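Please open the model in your viewer and keep a selection panel at hand.

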Amino acid sequence: YGGKIAKDPRTGNDDLMIPDPKRSAQRGRFHSALLLAGYASYNYYHFVSETLPSLVATRKYARSVLEKGDSNHVVIIPDLQYEFAEGFVRLLLPEAFWDEDDDEDDDEDNNGKNKLSPQIVQWGANKRPTNSNEGDASAKFDSSHPIAHVRRLVAVAWDQPVRAPPPVDGPPHCLTPAPLLRAMRRGVWNAVNALRGVDETINKNLKVVYCSRSTSPTRSLMEEEELLLRIKDGIREEGLHAEVILFEKKTDKNEKSRFPLEFIMDTIRLFQSADVVVGVHGASLANIAFANVGTTVVEMGLEGLSQASHYRHLSQALDLHHVDVFLAKDARSLGAVGVTLREGELESVVEAVVGGLKRRKGEEIEHHSEL
């Protein structure tokens, strides 16, 4: 519809002007559509916790639609300008991508397949182009942001709980039911195993994954260097042998040569192998959705926000051990550029990390004694 942009008078954000659909228009009429794009699908947390469970739940149906090749039946997905969306779609729905020269290409590695099936419809504003191989800013996959008339709409929907899980006392915000989240985790693990084989080394050595926001425009932890040093000292003082891995947001600068699919599979395997995950409330913590049962999650978050329930809910749904360590209060809330821990809470983070490693080591000892 032309991509017209207007300012929202309430928030000041850019909004797309969506006209009322014309029933007489023939363009955009389909017999059926599978809807996999939803509220804030461009946000990594919402993509992982809502879009991925929907994709896994309808994956067989989606694949059958694409394999039949009938243009009257389409699959609507989030905008692939966001590379994490491209990576996960390549992982779970490879039929969405075709080879430029040969539509029947049998190559299992679909990183090089850069033509979209005509039955794939992207929902997105095309506002974030990716870089081409020549380094020029260009749209890798054009997004149509359509209005469509559909006789039959297929979608996954669920009710929200009445209240957010404790300690958050308030309305819930985008909390997916536990059975869907568990099925998503299992489906993603299986998809990676199908491409790479089962990794027998996962969870053989203790591992702490620290989610850094040092390259993010908001909520960068001011004490990050000190905290990392104290975590390593605490591990050493307790006589534990654990690797501390710094996980940073993927950027063109540090990951330019990586394919989206490879980066996504590396990320899934990293968090699947983690014994403890630590980080400030933010998108990277959404990767706990791929962690094993019993993993300790230490979230440095903001108290009193509905979003504060996001990662506690993921932890409860996936049988992870969640520890809240709250940040100092800041009037800028989620928009704060830099954040700090409350007085004395740095040691609380260290204690939670060490406790999580001890818990995991104790589980291993108990498991072996049972054997």
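Throughout this tour, contact, or touching, means heavy atoms within 4.5 Å. The model is a predicted one, in which local features need pLDDT of at least 70 and side-chain atom pairs count only at pLDDT 80 or more, whereas totals for chains, interfaces and linings use all residues. Residues are numbered from 1 along each chain as its sequence is written, and side-chain values use heavy atoms, with hydrogens and water left out.

**Stop 1: T295**

Select T295, which sits in the loop between strand 14 and strand 15; helices (H or I, at least four residues) and strands (E, at least two) are DSSP runs numbered from the N terminus. Is T295 buried or exposed? T295 is buried, at a relative accessible area of 0%, where buried means under 20% relative accessible area, exposed over 50% and partly exposed in between, with a 1.4 Å probe and protein chains only. Leaving aside residues up to four places away in sequence, T295 touches A274, D275, V276, V277, L320, H321 and R360. Of these, A274 lies 21 residues from T295 along the chain, with 6.9 Å between the two C-alpha atoms.

**Stop 2**

Now select residues 296-301, which make up strand 15; six of its six residues are buried, so the strand is largely enclosed by the rest of the structure. In a regular strand the side chains alternate between the two faces of the sheet. Here T296, V298 and M300 point one way, while V297, E299 and G301 point the other way, and all are buried.

Widening the selection shows an open sheet of five strands in the order 13-11-14-15-16, with parallel pairing. Its edge strands are strand 13 (242-248) and strand 16, each of which pairs on one side only. On average, and ignoring direction, neighbouring strands of this sheet are turned by 15 degrees against each other; axes here are lines fitted to C-alpha atoms, for helices over the stretch in contact, and angles run from 0 to 180 degrees between N-to-C directions. Helix 5 (residues 224-237) packs on the sheet, where it touches strand 11 (206-212), strand 13 and strand 15, and its direction makes about 160 degrees with that of strand 13. Helix 8 (residues 310-317) also packs on the sheet, touching strand 15 and strand 16, with its direction at about 165 degrees to that of strand 16.

**Stop 3**

Move to the open sheet of four strands, whose order is 7-4-3-10 and whose pairing is parallel. Strand 7 and strand 10 (149-154) are the edge strands, each pairing on one side only, and neighbouring strands are turned by 35 degrees against each other on average, direction ignored. Strand 3 and strand 4 run parallel and are joined by four bridges; L35 stands opposite I76 in strand 4.

Helix 2 lies across strand 3, strand 4, strand 7 and strand 10, running at about 125 degrees to strand 4. Which residues of helix 2 (residues 59-68) are buried? They are A62, V65 and L66. These cover an arc of only 90 degrees around the axis, which puts them on the same side of helix 2; the arc is that of the directions from the helix axis to the C-beta atoms. The face turned away from this buried side carries the exposed residues K60, E67 and K68. Just after helix 2, G69 takes a positive phi of about 70 degrees.

**Stop 4: a helix pair**

Finally, select helix 1 (residues 44-57) and helix 4 (residues 178-196), which pack at an angle of about 70 degrees with their axes 9 Å apart. The contact involves V48, S49, L52, P53, V56 and A57 of helix 1, together with L180, L181, A183, M184 and G187 of helix 4.

Key
Two strands pair if DSSP finds at least two bridges between them.
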